Amino acid sequence: ANGAGKFTMIKLLTGELKPSHGTVYKHPNCNFAYVAQHAFHHIEQHLDKTPNEYIQWRYSGGEDKEALVKSTVKISDEEAKKMAEPI
């Protein structure tokens, strides 16, 4: 159903979108992945793979190889400053 929030939910679960309020909880052993309809920046390098093969490649080794491009993974200047302070 259009406008039901499916894409918003997927982006929250994958960490591509920060919640405006509330908390998103994911079990540490659970990974979420999807291939966006217009994900040309990801797909161009993997045209030889099926969507399933791409997701398996992306998460092989237990880490998300493309996680660094997600907004929730990036460190703000304020966070970097706090991290540099001695404990």
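Modeller: Happy to; we can start with the overall fold and then go through some individual residues. Please keep in mind that this is a predicted model.

Colleague: Good to know. How many helices and strands does the protein chain have?

Modeller: The protein chain has four helices and zero strands. Along the sequence, the pattern reads α-α-α-α.

Colleague: And what share of the residues counts as buried?

Modeller: Of the 87 residues in the protein chain, 15% are buried. The chain exposes about 7,300 Å², and 57% of that comes from carbon and sulfur atoms.

Colleague: What about contacts between residues at least 24 apart?

Modeller: They make up 32% of the contacts in the protein chain between residues at least 6 apart in sequence.

Colleague: Let's go to helix α3. Which of its residues are buried?

Modeller: Helix α3 covers residues 51-59, and its buried residues are Tyr54, Arg58 and Tyr59. Those three sit on the same side of α3, because they cover an arc of only 120° around the axis.

Colleague: Nice. Which exposed residues are on the face of α3 turned away from the buried side?

Modeller: That face carries Asn52 and Gln56, which are exposed. Just after α3 comes Gly61, which takes a positive phi of about 85°.

Colleague: What does Trp57 contact?

Modeller: Leaving aside neighbours within four places in sequence, Trp57 is in contact with His46, Lys49, Lys65 and Glu66.

Colleague: Tell me about His46, then. Where is it found?

Modeller: His46 is in the loop between α2 and α3. His46 counts as buried because its relative accessibility is 7%, and the cut-off for buried is under 20%.

Colleague: And which residues does His46 touch?

Modeller: Setting aside neighbours within four places in sequence, His46 is in contact with Tyr54, Trp57 and Glu66. The C-alpha atoms of His46 and Trp57 are 9.6 Å apart in space, and the two residues are 11 apart in sequence.

Colleague: Switching topic: how many salt bridges does the structure hold?

Modeller: It holds two salt bridges. One joins the side chains of Lys49 and Asp48, at 4.0 Å from N to O. Lys49 is partly exposed at 26% relative accessibility, while Asp48 is exposed at 65%.

Colleague: And Glu78, what does it pair with?

Modeller: Glu78 forms a salt bridge with Lys82, and their closest N and O atoms are 3.7 Å apart. Glu78 and Lys82 are four residues apart in helix α4 (residues 77-84), so about one helical turn separates them. Side chains of opposite charge can pair when their charged atoms come close.

Colleague: Are those two buried or exposed?

Modeller: Glu78 is exposed, with a relative accessible area of 53%. Lys82 is exposed too, at 54%.

Colleague: Back towards the start of the chain. Where is Thr14, and is it buried or exposed?

Modeller: Thr14 is in helix α1. Thr14 counts as buried, at 8% relative accessibility.

Colleague: What lies 3.3 Å from a polar atom of the Thr14 side chain?

Modeller: That is the backbone oxygen of Lys11.

Colleague: Last one: where does Ala33 lie, and what does it touch?

Modeller: Ala33 lies in the loop between α1 (6-14) and α2 (40-43). Not counting residues up to four places away in sequence, Ala33 touches Thr14, Ile55 and Tyr59. The C-alpha atoms of Ala33 and Tyr59 are separated by 8.8 Å, and the two residues are 26 apart along the chain. Ala33 is partly exposed, with a relative accessible area of 33%.

Colleague: Great, thanks for the tour!

Key
Residues numbered from 1 in each chain as written. Predicted model: local features only at pLDDT ≥ 70, side-chain atom pairs only at ≥ 80, totals over all residues. Heavy atoms only, no water. Helix = DSSP H or I, 4+ residues; strand = E, 2+ residues; numbered from the N terminus. Buried < 20%, exposed > 50% of the residue type's maximum accessible area, 1.4 Å probe, protein only. Contact = heavy atoms within 4.5 Å. Areas by Shrake-Rupley, 256 points an atom, 1.4 Å probe, with all protein chains shown as cover. Arc of directions from axis to C-beta. Polar contact = N/O pair within 3.5 Å; in protein donor to acceptor, adjacent residues only side chain to side chain.
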